[in-house]
Amino acid sequence: MKPFIPAKLEPVAFGFLLSGMMTFFVSGISTFLALGFAPGFAAKWMQSWAVSWAVAFPVILFVAPLVRRILHRIVVSR
């Protein structure tokens, strides 16, 4: 199968998928802890997820280079 995303966009695609998956699970857990399996749980979860993802995606794109620089300073290379 031929890739359809150019390699130069890999960091953006990574942030997009990572933020989507992480916010999906975290918002689900948070919504459950706040409401339990109440009527309308799924709708509230999806609303929470959408807001969380809208915030997390640009934050990850902004913070990832900083995290990489920090890791390069503290990880021992062989």
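**A note on the aromatic rings and a nonpolar patch**

1. Welcome to this structure, where the count comes to 9 aromatic pairs (rings of Phe, Tyr and Trp, the last by its six-membered ring, with centres within 6.5 Å; planes under 30 degrees apart are stacked, over 60 edge-to-face, the rest tilted). This is a predicted model in which local features need pLDDT of at least 70 and side-chain atom pairs count only at pLDDT 80 or more, while totals for chains, interfaces and linings use all residues. Residues are numbered from 1 along each chain as its sequence is written, and side-chain values use heavy atoms, with hydrogens and water left out.

2. Phe16 and Trp53 make a tilted pair, 5.1 Å centre to centre with 40° between the planes. This pair links distant parts of the chain, as Phe16 sits in helix H1 (residues 10–35) and Trp53 in helix H2, 37 residues apart (helices are DSSP runs, H or I, of at least four residues, numbered from the N terminus). Phe16 is partly exposed at 40% relative accessibility, and Trp53 is partly exposed at 23% (buried is under 20%, exposed over 50%, partly exposed in between; 1.4 Å probe, protein chains only).

3. Phe37 and Phe41 have ring centres 5.1 Å apart and planes at 75°, so they are edge-to-face. Phe37 is exposed at 70% relative accessible area, whereas Phe41 is buried at 11%.

4. One aromatic cluster takes in Phe16, Phe24, Phe25, Phe32, Phe37, Phe41, Trp45, Trp49, Trp53 and Phe57.

5. Val55 is also worth a look: this residue of helix H2 (residues 41–74) belongs to a nonpolar surface patch that includes Phe62 and Ile74, with about 1,000 Å² of accessible area together for the whole patch (Shrake-Rupley method, 1.4 Å probe, only the protein chains shown counting as cover for residues). Patch residues have over 30% relative accessible area and no salt bridge, with like charges joined within 9 Å and nonpolar side chains (Val, Leu, Ile, Met, Phe, Trp, Tyr) within 5 Å; a salt bridge is a side-chain nitrogen of Lys or Arg within 4 Å of a carboxyl oxygen of Asp or Glu.

Key: Helix = DSSP H or I, 4+ residues; strand = E, 2+ residues; numbered from the N terminus.
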